[in-house]
Each structure stands twice: as C-alpha cells, then as structure tokens.
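Please keep the sequence and the structure in view while reading.

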Amino acid sequence: MNNKLINDFQNRPIYNKLTQEILDSISDDQIEQAIVDNMHTKMNEKLINEVSVLKNSTIGRQAIYTTWWIEAEINNGGFNQYFYNSGDKYLPYLINGLIEMDDKDYLNLFQRAIVIYNDQIKKQHDSQDGSIQDFLDSYDNNPLSNLDDEFYKLDEVKPLRGI
C-alpha cells in the first residue's frame, strides 16, 4: 500500500461532532469514513455498544455504519464471518437503510442471507464455544458461501459503498 495513503489515513481528522458545515467541507470519498469515525467516537466516549449508538442515530448514519461494517466482514471472511462475529445485531439498521435508499439488489441479497442464517446457521453458531476451530468448522458446507460470490459480483458492478 502507498505510504501516502497510510499516512493520510492515520492523520485524518476525526470529528467528535459532525455539523452540516463539516459534512459539506468533506470530499464525497471521505464522508463514509468521517461518519464511521464519528460513530466510533460516540461509542468510545460513552463506553456503550454499537447498537445503543445506532439506535439513537439517523437512518442515514445507521445505513452508512452498517454497510461499512458488513462490507468489511464479508470482504474478510464472507457472510459466515459476518454472522459468526455479529449475529443479527446490525441487520434491522442495514435493512432499513437499504429500503430507505431503495437498493433492491443488496436488499434482496441480504434478505436471503438472513433467511439462511435464521433457518440453517444460527443454531450452529449459538452452540459453538467461540474457538478458532469452531469458527473454521463453521465454513464446512456453509450455505452462505454462494451468497458471498453474489455479493462480490454485485459489489464489482455496484459497490456497496456507492449506495
């Protein structure tokens, strides 16, 4: 990775409060990171979990944070990793955001993932002890794997960050 990009990221401004004036001054390609950083400052400052902060945020901030989070998880280890790490705690905010943005492609994909998770994966994850071996075993014959491929293809054509 380019040293300038790393340096720019490490030295980016992190706003405790995002005003309309600040948002207007941030370039479009930096808005997502500014909002995610702002959400994290709220979480750290109040020492509360993400869901509490999300619950008290606008639907736009909820959508940006949850799409950022789920995209990172899926790109790192697929839908299985997302559900293994987060369960379904972000899904209501993600789904509401996708509905608000009228993004039927991602909405359909995530709704199908939720059905598979609830019908086939949740019990398996709930019964595991959280060990690395259990996590690795959770990939065996996992029905979410096909949705990973769909996500990657869709993300090439229409990046989730672009919604």
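Leaving out residues up to four places away in sequence, Phe151 touches Glu71, Ile74, Asn75, Phe79, Tyr106, Leu109, Phe110 and Leu160, where contact means heavy atoms within 4.5 Å. The model is a predicted one, in which local features need pLDDT of at least 70 and side-chain atom pairs count only at pLDDT 80 or more, while totals for chains, interfaces and linings use all residues. Residues are numbered from 1 along each chain as its sequence is written, and side-chain values use heavy atoms, with hydrogens and water left out.

Phe151 is also among the residues with the most contacts inside the largest nonpolar core, which has 37 residues; the others named with Phe151 are Tyr65, Ile70, Phe79, Phe83, Phe110 and Leu144. Such a core is a set of buried Ala, Val, Leu, Ile, Met, Phe, Trp, Tyr and Cys residues joined through side-chain atoms within 4.5 Å, and buried means under 20% relative accessible area, exposed over 50% and partly exposed in between (1.4 Å probe, protein chains only). Two or more residues each come from α3 (28-46), α4, α5, α6, α7 and α9, and α7 gives the largest share, nine residues. The helices here are DSSP runs (H or I, at least four residues), numbered from the N terminus.

| Helix pair | Angle | Axis distance |
|---|---|---|
| α6 (residues 91-100) and α7 (residues 104-127) | roughly 155° | within 9 Å |
| α7 and α9 (residues 145-157) | about 165° | 11 Å |

Angles over 145 degrees count as roughly antiparallel; α6 and α7 are therefore roughly antiparallel to each other, and α7 and α9 are therefore roughly antiparallel as well. The crossing of α6 and α7 is left-handed, that is, the near helix is turned anticlockwise from the far one by less than a right angle, and the crossing of α7 and α9 is left-handed too.

In the contact between α7 and α9, Asp105, Tyr106, Leu109, Phe110, Arg112, Ala113 and Ile116 of α7 meet Leu147, Glu150, Phe151, Leu154 and Asp155 of α9. By class this contact has eight nonpolar, no polar and four charged residues, where Ala, Val, Leu, Ile, Met, Phe, Trp, Tyr, Cys and Pro count as nonpolar, Asp, Glu, Lys and Arg as charged, and the others, Gly among them, as polar.

The buried residues of α6 are Leu91, Tyr93, Leu94, Ile95, Gly97 and Leu98, and what covers them includes α4 (50-55), α5 (59-86) and α7.

Most residues other than glycine have a negative phi. Asp102, in the loop between α6 and α7, has a positive phi of about 55° although it is not a glycine, and at 54% relative accessibility Asp102 counts as exposed. Asn141, in the loop between α8 (132-137) and α9, likewise has a positive phi, near 50°, and is exposed with a relative accessible area of 79%.

Tyr82, by contrast, lies in helix α5 and at 1% relative accessibility counts as buried. Apart from neighbours within four places in sequence, Tyr82 is in contact with Trp69, Ile70, Glu73, Gly87, Tyr90 and Leu91.

How values were computed:
Axes are lines fitted to C-alpha atoms, for helices over the stretch in contact, and angles run from 0 to 180 degrees between N-to-C directions. Angles under 35 degrees count as roughly parallel, over 145 as roughly antiparallel, 65 to 115 as roughly perpendicular and the rest as oblique.
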